[in-house]
Amino acid sequence: MRIHAILNYFGKCPDCGYPAEASAVERHLIDGTVCVEIVASCGLPCGWSGSAPLTTMTVR
Ligand SMILES: [Zn+2]
């Protein structure tokens with residue numbers, strides 16, 4: 001499992017509206033498939049975090 005920071009993620013926290021940060025969690029499945037899950041969290045300590053749609057950014 002590898003985690004990449006997403007530098008060009010422009011999503012916002014749904015709770016407080018502050019720009020959120022996101023990282024891509026890359027999972028290598030047993031059959032060779034790579035599954036990428038985007039996990040976003042608020043840039044402020046309001047405690048929000050959640051999954052984000054992959055379509056709003058480019059994974060680098
Ligand atoms: Zn927030």
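## Pro-19 and its surroundings

In this predicted model, Pro-19 is in contact with Lys-12 and Gly-43 once its neighbours within four places in sequence are left aside. The residue sits in the loop between β1, which spans 2-6, and β2.

Is Pro-19 exposed or buried? Pro-19 counts as exposed because it has 12 C-beta neighbours inside 10 Å, and a residue is classed as exposed at 12 or fewer.

## The nonpolar core

The largest nonpolar core comprises nine residues, namely Ile-6, Tyr-9, Cys-13, Ala-20, Ala-22, Ile-38, Ala-40, Cys-42 and Ala-52. Two elements, β2 (20-28) and β3 (34-42), each give two or more residues to this core, and β3 gives the most, with three.

## The chain as a whole

The protein chain contains four strands and zero helices, so that, by the assignment of strands as DSSP runs, its pattern read along the sequence is β-β-β-β. Of the 60 residues in the protein chain, 15% are buried. Among the contacts in the protein chain with a separation of 6 or more, 40% are between residues 24 or more positions apart.

Methods. Residues are numbered from 1 along each chain as its sequence is written. This is a predicted model: local features need pLDDT of at least 70, side-chain atom pairs count only at pLDDT 80 or more; totals for chains, interfaces and linings use all residues. A nonpolar core is a set of buried Ala, Val, Leu, Ile, Met, Phe, Trp, Tyr and Cys residues joined through C-beta atoms within 7 Å. A residue is buried if 20 or more other C-beta atoms lie within 10 Å of its own, exposed if 12 or fewer, and partly exposed in between; C-beta atoms are placed from the backbone. Two residues are in contact if their C-beta atoms, placed from the backbone, lie within 7 Å.
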